[in-house]
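Thank you for passing this structure along for comment.

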Amino acid sequence: MSRPTGRVLTLLELLQSGGIRTVAELADRLGVDGRTVRRYVDHLIDLDVPVEAVRGRYGGYRLGPGYRLPPLMLSDDEALAVLLGLVAGRRAGLMTTADTAGETAAAKIRRVLPERVARRLDTVLESLAFTASPGEFATPDAAVLLTIADAVRHHRPVSIRYTDRDGRRSERRLHLYGIVAHSGRWYVTGTDPEIGEDRTFRLDRIADARTLPGSFEAPVGPGPAQRVLSGFATAEYRHQVTLRIHGTVEQIRARLPAGVASVDEPEPAAGADPETERWLRVELRAEQLDWLPPVLASLGRPFVIERPDELRGLVIALADRLASYARQA
């Protein structure tokens with residue numbers, strides 16, 4: 001690569017870092033004069049790289065939006081960061097149905113990495129261990145994800161074709177507030193205006209999404225992530241559990257997070273410390289109850305089971321087993 005060509009690519013890298021770069025700043029970084037900087041800018045424009053001139057006292061050059069992706073200049077650390085992000089996203093299941101897009105993007109970056117950088121990356125990947133198994137969740141369609149993201153940002157209603165967990169298909173008109181990534185899945189939350197209630201949908205179960213005319217006002221109150229977690233805690237399952245636990249919200253949430261249970265937090269009496277332990281009502285729903293007795297035991301807090309009676313029997317059985325084990329020599 002000739003020295004002028006190398007400087008042109010360096011100029012592109014400087015512009016890709018964002019903001020307006022003055023001619024004096026660019027000339028200093030490139031080791032040339034202002035006239036040469038302008039000539040290098042013309043070279044980029046000839047290559048269809050959208051470089052914009054900004055006039056005024058603080059003017060200079062900046063990279064504008066273009067109709068195609070210009071040559072992307074990444075530093076060694078930036079290339080490693082992108083590749084590690086692709087690996088982590090694939091492991092966490094946070095990919096779209098176009099999984100090959102992530103693989104081909106990683107392959108293209110690796111192909112052009114200098115050997116010393118490629119060795120650094122291989123060293124990291126060979127020494128990296130994950131505590132969870134690779135994500136095996138169904139992934140959303142990229143077109144659906146982009147359509148819904150645009151509708152969320154601009155508060156536009158959408159129509160979707162949805163298949164629920166029982167295989168029932170329906171077409172719905174929704175006002176969507178936000179997209180949430182949780183435990184390897186993509187969710188979208190919003191209101192169904194026909195019934196006036198909040199709903200949470202898995203993005204991988206949406207077969208089609210179309211933006212509709214009009215707009216709506218996003219509600220005040222909890223954000224999308226909190227709405228999704230609250231939806232999990234109140235979803236319809238086989239068992240409805242009601243408890244009273246003596247402690248603080250923080251102590252309860254350590255074992256029963258917002259995605260599992262809802263905690264009734266009454267306003268403390270005037271002058272009372274909100275961190276003072278007190279009896280709090282906790283509600284949750286579950287398909288199975290056998291996981292709850294160990295969780296309640298791990299809380300280390302007094303509790304009362306209001307319903308169901310089956311849970312009370314399971315807790316007593318666990319206590320008897322633990323007492324029996326403790327008596328053994």
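1. Helices (H or I, at least four residues) and strands (E, at least two) are taken as DSSP runs and numbered from the N terminus. The model is a predicted one, in which local features need pLDDT of at least 70 and side-chain atom pairs count only at pLDDT 80 or more, while totals for chains, interfaces and linings use all residues. Residues are numbered from 1 along each chain as its sequence is written, and side-chain values use heavy atoms, with hydrogens and water left out.

2. Overall make-up. The protein has 11 helices and 11 strands, and 32% of its 329 residues count as buried, where buried means under 20% relative accessible area, exposed over 50% and partly exposed in between (1.4 Å probe, protein chains only). The accessible surface comes to about 20100 Å², with 52% of it belonging to carbon and sulfur atoms; these areas come from the Shrake-Rupley method with a 1.4 Å probe, and for residues only the protein chains shown count as cover. Of the contacts with a separation of 6 or more, 62% are accounted for by residues 24 or more positions apart, a contact being heavy atoms within 4.5 Å.

3. Packing of α2 and α3. Two packed helices are described by the angle between their axes and the distance between the axes. Helix α2 (residues 23–30) packs against helix α3 (residues 34–46) at an angle of about 95°, and their axes are 9 Å apart. The axes are lines fitted to C-alpha atoms, for helices over the stretch in contact, and the angles run from 0 to 180 degrees between N-to-C directions. The two helices α2 and α3 are therefore roughly perpendicular to each other, given that angles under 35 degrees count as roughly parallel, over 145 as roughly antiparallel, 65 to 115 as roughly perpendicular and the rest as oblique. On the α2 side the meeting residues are Val 23, Leu 26, Ala 27 and Leu 30, and on the α3 side they are Gly 34, Val 37, Arg 38 and Tyr 40.

4. Backbone geometry to check. Most residues other than glycine have a negative phi, and most peptide bonds are trans. Asp 48, although not a glycine, has a positive phi of about 70°; Asp 48 sits in the loop between α3 and β1 (51–54) and is partly exposed, at a relative accessible area of 40%. His 155, also not a glycine, has a positive phi of about 55°, and this residue is placed in the loop between α7 and β3 (158–163), where His 155 counts as partly exposed at 29% relative accessibility. The peptide bond from Arg 307 to Pro 308 is cis, with omega near 0°, and Pro 308 belongs to the loop between β11 (303–307) and α11 (309–327).

5. Surroundings of Gly 59. This glycine, Gly 59, is found in the loop between β1 and β2 (60–63) and counts as buried at 12% relative accessibility. Leaving aside neighbours within four places in sequence, Gly 59 is in contact with Ile 20, Thr 22 and Val 54. The C-alpha atoms of Gly 59 and Arg 21 are separated by 7.7 Å, although the two residues are 38 apart along the chain.

6. Salt bridges. With a salt bridge defined as a side-chain nitrogen of Lys or Arg within 4 Å of a carboxyl oxygen of Asp or Glu, the count comes to 13. Arg 21 pairs with Glu 25 at 2.5 Å, N to O, and here Arg 21 is buried at 15%, whereas Glu 25 is partly exposed at 29%. Glu 52 and Arg 62 form another salt bridge, at 3.0 Å from N to O. Glu 52 lies in strand β1 and Arg 62 in strand β2, so this pair ties together parts that are 10 residues apart in sequence. Glu 283 and Arg 281 are also bridged, their closest N and O atoms being 3.5 Å apart. Salt bridges with shared partners join Arg 244, Arg 281, Glu 283 and Glu 306 into one network.

7. A nonpolar patch. Val 124, Leu 128 and Phe 130 make a nonpolar surface patch of about 230 Å². Patches consist of residues with over 30% relative accessible area and no salt bridge, like charges being joined within 9 Å and nonpolar side chains (Val, Leu, Ile, Met, Phe, Trp, Tyr) within 5 Å. Leu 128 is located in the loop between α6 (115–127) and α7 (142–154), and Leu 128 counts as partly exposed at 40% relative accessibility.
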